[in-house]
There are 2 protein chains.
Amino acid sequence: MSDTVGQVGEFGLIRRIRNLLDREGFQSPSVTIGIGDDAASFLPRQGYEILVTCDSLVEGRHYLPEEIHPFDLGRRAMVLNISDIGAMGGKPLFSLVSLGLKSDTPVAFVEDMYLGFVEELNPFGASIIGGNLTATGDRLFIDVTLIGEVEAGKAVGRSTAKAGDVILVTGHPGESGAGLQLLLLSRSRPELKSHPLIKAHLRPSHRAREGEAVARSGFARAMIDTSDGFAGDLGHICDESGVGALLFAEKLPLSADLKNAARILGADPLDLFLGESDDYGLIISCAGHHVAQIRAAVASSYPGLLSEVGVVTEAEKGIRLIHGDGSGREIRAAGWDHFKARSP
Amino acid sequence: MSDTVGQVGEFGLIRRIRNLLDREGFQSPSVTIGIGDDAASFLPRQGYEILVTCDSLVEGRHYLPEEIHPFDLGRRAMVLNISDIGAMGGKPLFSLVSLGLKSDTPVAFVEDMYLGFVEELNPFGASIIGGNLTATGDRLFIDVTLIGEVEAGKAVGRSTAKAGDVILVTGHPGESGAGLQLLLLSRSRPELKSHPLIKAHLRPSHRAREGEAVARSGFARAMIDTSDGFAGDLGHICDESGVGALLFAEKLPLSADLKNAARILGADPLDLFLGESDDYGLIISCAGHHVAQIRAAVASSYPGLLSEVGVVTEAEKGIRLIHGDGSGREIRAAGWDHFKARSP
């Protein structure tokens, strides 16, 4: 099992992947042509729209190869795409996986990654129906396309928030970003390796089932997943909807783990909460009298927190944070920018 | 216009791309949510299957940055995916483009590439509805996902060829591969730069309309596009269908340009014809009494050659080439392997 990609070749590797998927993957009855042809094909359900998204991970940019097991890497690559489909209110159906590999990449690495993909797709009855393999340069890349479905007219986008809406968020934003900082720090301080936020970073989960339930309820005005960070993603809603936002500092769900991480990192927990972090939770806006229905939809499958953190305002107000004493400040709605100089 | 990707940032670049697509791209009425959300969505047509394929180009592996204009690079990336959809008998509808860029990549380079994408998509009324931008390592990558549609039950795959079928091929296989070799040689012999096969390599066209017409006719048994090379792609049909093939050497359409290239390269034109080459023509198998219908379908939009080059045999025969005098040899059906050591 210590074969490399270069030893088994492109078509040998495709055979190994097909065998793995035949053995471990879900076999969807709506797939009419699967892996191994010029294109895959499936029969869409009547009355449903097709959703499609893609996202990539690049070695050393989005993951540190020495810090993450290929199984977790595969899970992560799929989680972030499942999260996008869920944030539209959809259900994942099919995936295409495009990999840029090196000749000396072990086949077992690729197989472990596929086991990670399948681990995340199987619970939805979703399957991998195609992809591409190629040789790359100095960094591996994993580009996942995920196709989903949503009942026609039920998709919830980011451009439909209205002034006066309540802003809700699931879970504890900022934890994954803090976990990444701890992971980097743990190289010189190994005792940090067991910090719970490092696990939160390496093994993220998604709120796709809750997103689907929220969309099905019909009571959400706008929805987005937190993949850039709370302020960045709320900023996307504001930009696309032409609105602003007012956040109540005391209502932001800063977890004990996040506060602990802030102490270790010498950072302000509020900055960690608002800043760059891929938590794959949901930010939802809805009319104030529909909060209970949104709560019910989320609670149907998620036992975690759903916090009411602010309100949508007119665009001119920007995104502002206020404290109980009336003091406040403007938050820049700048999202995660992949081309800015940063680590890793 | 000499901005770099690093200067305008991820979200600045997304804005520039959206502006370009609003201005130059086709606006499909079936798209319900386009670029700028967690996922795009569209309403599929009733009675149609959805086709989906993806293919990537990596700098220095699939193209030589100093030899190809970004507009042609964009066209090429889209042509090879359109070719895959066409080889199933489908029509392209929507594309997602995932790019791995460097901070110093000029924005104009990205925009020219998008103009190339659009140049190929617009004639089909197909549009770009999503994608992803990320920073990469030492080599750019372009990963295109293309979604198409085909009338339910009409898709033509590679696994359905039958012993006794006639084998047909469009155009002149091998020309693109020979063009690539000439391109490399032209670095030391600049007088070769104007060789017509270099243009054939840099500006490939596809036979997607003909593939769709062939599938609609209902008379093709199996179909594949030539992206690995004639012997490699015929080999895929044979592998997936569990058949062999007998090729008639005198019937193979070796063009004058290919013979000329063979002389320059000191190669056997037959080897160039059979070997690695991405020509994006079609190999079609059909019952002998349906050749006329296939000819009519192809001729409806393609004035070029459609050659009857052999017959499908039992699997045990492998893939064999015979000459008029009865002599022959076995051809290895090994396709293009991206992980084999090769240039470029």
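## A strand with two partners

First, a term: two strands count as paired if DSSP finds at least two bridges between them. Keep in mind that this is a predicted model.

With that in hand, look at strand β7 of chain A, residues 166-170. Five bridges link β7(A) to strand β11 of chain A (residues 306-314), and the two run antiparallel. β7(A) is also joined to strand β10 of chain A, residues 282-286, by four bridges, again in an antiparallel arrangement.

Leu168(A) is a handy landmark here. Leu168(A) sits opposite Glu308(A) in β11(A), and it also stands opposite Ile284(A) in β10(A). As for cover, four of the five residues in β7(A) are buried, which leaves the strand mostly covered.

## Two helices in chain B

Now over to chain B. How do the axes of α1(B) and α3(B) cross? Helix α1(B) covers residues 5-24 and helix α3(B) residues 107-121; their axes come within 10 Å and cross at roughly 25°. Angles under 35 degrees count as roughly parallel, so α1(B) and α3(B) are roughly parallel to each other. The crossing is right-handed.

Which residues make the contact? From α1(B), they are Val5(B), Val8(B), Leu13(B), Arg16(B), Ile17(B), Leu20(B) and Glu24(B). From α3(B), they are Val107(B), Val110(B), Glu111(B), Tyr114(B), Leu115(B) and Val118(B). Sorted by class, the contact between α1(B) and α3(B) has ten nonpolar residues, three charged ones and no polar ones.

Methods
Residues numbered from 1 in each chain as written. Chains lettered and ligands numbered in written order. Predicted model: local features only at pLDDT ≥ 70, side-chain atom pairs only at ≥ 80, totals over all residues. Buried ≥ 20, exposed ≤ 12 C-beta atoms within 10 Å, placed from the backbone. Axes fitted to C-alpha atoms, helices over the stretch in contact; angles between N-to-C directions. Parallel < 35°, antiparallel > 145°, perpendicular 65-115°, else oblique. Left-handed = near helix turned anticlockwise from the far one by under 90°. Contact = placed C-beta atoms within 7 Å. Nonpolar A, V, L, I, M, F, W, Y, C, P; charged D, E, K, R; others polar.
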